[in-house]
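Please keep the sequence and the three-dimensional view at hand while reading.

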Amino acid sequence: MSATEDETGQEDKPMGNERYQRIGELKQDEWILGAPLEIEKGALLYDTLSRQMILQLRLRNVSRRTIRAAQIAIARLDAQGNSIADQADQAMMYQDLNSEPGSLFGDGKPILLGTAPTRQVKVRVQKAVFGDGSRWESEDSSEVSPGTPLLAELWPKEALEQFDREITDKPHFQNAASHKYLPVMEAAYWVCACAFPNPGSWDSCGRCGLQRDWLFQTADPARLTEKQQAHQTEQTRLTEERKQREAAERQKRLQEEAELREREAREQAERLALRTRRLQAVKKYGILSALAITIAVVGFLALTRWIPVYRYNEAVRQLDAGNNGEAAVRFRALNDFLDSRNLAQEASYRHALQLRGEGAYEEAAKLFKELETYKDSAVNVQETNYLQAAALLNERKYQAAADQFEQLGNYKDSPAKTVEVRYLRAEELFTSGDYLNAYPLYDKLGGHKDSSNKSRIARYEAGVILLGEKKYPEAVAVLGSITGYPRSQQKLEEALVPYVQGLLKEGKLAVARESLNKLKTISPAVQALQTETAYRLGGELETAGKIKEARDEYLLAGTFQDSPAKVNELTYALAQSLEQSGDLEGALAEYRFRSAYKDSAAKYQNLSFTLAKQYEATGDLVKAAEYYWNAGTGNPEAKEKANTLYLKIARDFDEKEDYAKASQYYSLGGEADLARKIRKYGDAIKAFQAGNKEDCYDLLYEVVGYDKTYSYKDLVPFRDAISYFVYCAAEMKSEEYKLPPEQTDYFTFYDESMYYLLQHVEEHADFKDMAKFLEDDFFTWSRIVGRWSSGSNYFKLYFEKDGDPRITYNLPFYTGKYFKILGDVMKFGSDSAGWKNVYRMTLVGENTLKVYSYKADKTYTLYRD
């Protein structure tokens, strides 16, 4: 399994902090056939605070078993993919796992790679320990690099759509988008549609679980195309039915709207009739008043009655003539005269409709807003603004139209219209070559149509223009924000090199470093700038007395000038400083980092021994054992102490019945065989307590040595494992023991091992209930073994060394070559000559045996000798 730097990269920061800079993504392109793990995701990061490289991995269990521990090896490489000098592969052990098949782990455990200038890594799975105690190692496994082509490059569109549909419809496999590669069957392995290579013996994919036979049977483009065409025909039929339903609903809606308009027309006619009656009443009132009062009063009434009547009539004529705006003004001037206030609203409402029809949307909307609750004025405000936005769209005033649609909120299809119009505006800018203003608009569209791709193109083109104008800082900012677009990294480098060169001349080293980190691929020119920047930063920090920070920068500078010597010198000085300050663990790490320099190795061992004694004194035996072990190279006393402590820790866990932990520490203490037995024993006890006797038996099979002798007589004692093993064996075989006598030749069940099992079944103190497997009325070998006699009469049953049963007797009998027992009857004879009943035996208590002789027709009472 290998993983290399992914040139596309991603912008997310998995550790959620600006402290960490992403160097590259990990992309798996090699697999070890049958490996129980694969890299689901990974990233190489740079910690700007500690100046260390950090590897984050998320691993997937692709086996069919639970993984309890795993070990990987990490090769640290430079930008060209070459091994870094003095940097051996780093091992990483994941312990105390409970990783079920298909589960993920590891992403919460960053891997520190030190301060070496690592730019790529290769990861290889070395070992795995499964829940049943079995192991997998990669020593004899072969690597493959399938390079499976995309289905989209080979299959017609119809076949692809049907393939996606069939995978999506398959239970538990909803992510059809990930199954986009051509399934391939090779001699030793097969490649799933998710691109994962599986050993030929696996019948389902380790990554996604897709069944191999189903996959290769389904992946037939001709058949898939045929099924897709049938599906399309069915969809066309369903679409036609839907259209017919919608047409019927639309017709019904039109009919309802016509009825509504007819009702409104009747109401309008009734209002006009009422107004006419009112006018007639006003005229009549005026005439009667003129006849009834004096000339002076008539003059007064002309001022107070006839003038409003006149103005009212004039307003009505304006309304009837369609001069709605003028009518509204006149009716409002009459205040509460008759129904002037109501007619003023009606006139304003008609005027607003008239203005909207003439395209004066702003004035119309203003009038509708002033009318507030009159009729449907509130709705008409939104409708008017909507029509205005549509008009702006028709005039290709995209920015104004988009703003108007956005202000409408969720009215009708305004949200969709907002997105579409902004897209058109971005397209307009893109087409005109205004890429700098185009890509921010594309970014706001949330992936609408091809906006994501257009954004990358616009960014790229904008960056190229800025680069041509030698505006390097701006070009770096734009090009550095692009992910997954061809040649963007190349152009970014073209802008970065002169930009960073200028920063270095100005002494702006920190800005130069930040800018260089934008690149996901490192060319020799960029690497040269990186090393120079790191070296100069190291010099500044060393002058300032910041030893660790300076050392880390010299590390990043690689072999530039005297950087290696500086790293050794400063690391040693840092270790001494930490040791003097009492930070022994920090000092230990630094001495180990450059163990070949001066007396670092000796100091590492001495400090490890000192720390081990400190931890032992405080009772932290785990830490103490670990440090004794570190000090053990060339120090037999330390190594012996480590083993002693590991075994003590193991026994403590053993007493607590934490057999998994006990097994782990027995192994560290050098007791590999005991560790293996303890783990199996602990798992067996759990299985027994859960009622799973068969698993208990299987787990103890090797622990008690039955796998070597296949004899219950020769089981190897290990705690009370024999008791559990025998009990489970008896229970698993109990149905055979209990078969009715008339159906079972009981003798055939008793070879050497089964006899021993029954003979010793009650010797195991923990399992006194073993006798439940023996029927009370069942005459068994174990109950009559031995010699029985009375006077000169006797009967004896015993077993030879080879396990064969033998009998001697002097009671009357029929001649026969062989004997056997069915129930409580002993028969003599053979299968070819036939069998005769010879004796019937009945136990009375434990020590009295009554034997009936069929030949003598007599019962003899014998006693156990």
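The model is a predicted one. A search of the whole structure finds 43 salt bridges, and several of them are described first.

**Salt bridges**

- Glutamate 137 and arginine 135 are joined through their side chains by a salt bridge, with an N to O distance of 3.9 Å. The salt bridge cut-off is 4 Å, so this pair is counted.
- Glutamate 137 has a relative accessibility of 34% and is therefore classed as partly exposed, since that class lies between the limits of 20% and 50%.
- In a further salt bridge, the side chains of arginine 330 and glutamate 326 meet at 3.0 Å, N to O. Both residues belong to helix H5 (residues 324-333), where they stand four residues apart, or about one turn of the helix.
- Arginine 330 is partly exposed, at 31% relative accessible area, and glutamate 326 is also partly exposed, at 36%.
- Lysine 471 forms a salt bridge with glutamate 469 through their side chains, at 3.3 Å from N to O. Lysine 471 is partly exposed at 38% relative accessibility, and glutamate 469 is partly exposed at 43%.
- A network of salt bridges links Lys548, Arg551, Asp552 and Glu590.

**Asparagine 324 in helix H5**

- Helix H5 also contains asparagine 324. Is asparagine 324 buried or exposed? Its relative accessible area is 8%, which is under the 20% limit, so asparagine 324 counts as buried.
- When neighbours within four places in sequence are left aside, asparagine 324 is in contact with Leu319, Ala347, Arg350, His351 and Gln354.

**A sheet of three strands**

- Three strands form an open sheet in the order S12-S13-S14, and their pairing is antiparallel. Strand S12 (184-185) and strand S14 (197-199) are the edge strands, each pairing on one side only.
- Two bridges connect S12 with strand S13 (residues 189-191) in the antiparallel sense. Methionine 185 has tryptophan 190, in S13, as its bridge partner.

- Which residues of helix H23 (residues 659-668) are buried? They are Tyr659, Ala662, Ser663, Gln664, Tyr665 and Tyr666.
- The cover over the buried residues of H23 includes helix H21 (621-630), helix H22 (636-655) and helix H24 (672-689).
- After H23 comes glycine 670, which has a positive phi, near 90°.

**The second largest pocket**

- Rolling a probe the size of a water molecule over the atoms shows where empty space is left. The second largest pocket has a volume of about 1300 Å³.
- The lining of the second largest pocket consists of 37 residues, and those nearest its centre are Met93, Gln95, Gln664, Ser667 and Leu668.
- Two or more lining residues are given by each of strand S5 (67-77), strand S9 (120-130), helix H19 (584-593), H21, H23 and H24.
- Which element gives the largest share of the lining of the second largest pocket? The largest share comes from H23, which supplies seven residues.
- By residue class, the lining of the second largest pocket has 18 nonpolar, eight polar and 11 charged residues.

Conventions: Residues are numbered from 1 along each chain as its sequence is written. This is a predicted model: local features need pLDDT of at least 70, side-chain atom pairs count only at pLDDT 80 or more; totals for chains, interfaces and linings use all residues. Side-chain values use heavy atoms; hydrogens and water are left out. Buried means under 20% relative accessible area, exposed over 50%, partly exposed in between (1.4 Å probe, protein chains only). Two strands pair if DSSP finds at least two bridges between them. Contact means heavy atoms within 4.5 Å. On a 1 Å grid over the protein atoms alone, a cavity is a set of points where a 1.4 Å probe fits but cannot get out, and a pocket is an open set with protein on both sides within 12 Å along at least five of seven lines; lining residues have an atom within 4 Å of a point. Grid points are joined across faces, edges and corners, and a volume is the space filled by probe spheres set on the points. Ala, Val, Leu, Ile, Met, Phe, Trp, Tyr, Cys and Pro count as nonpolar, Asp, Glu, Lys and Arg as charged, and the others, Gly among them, as polar.
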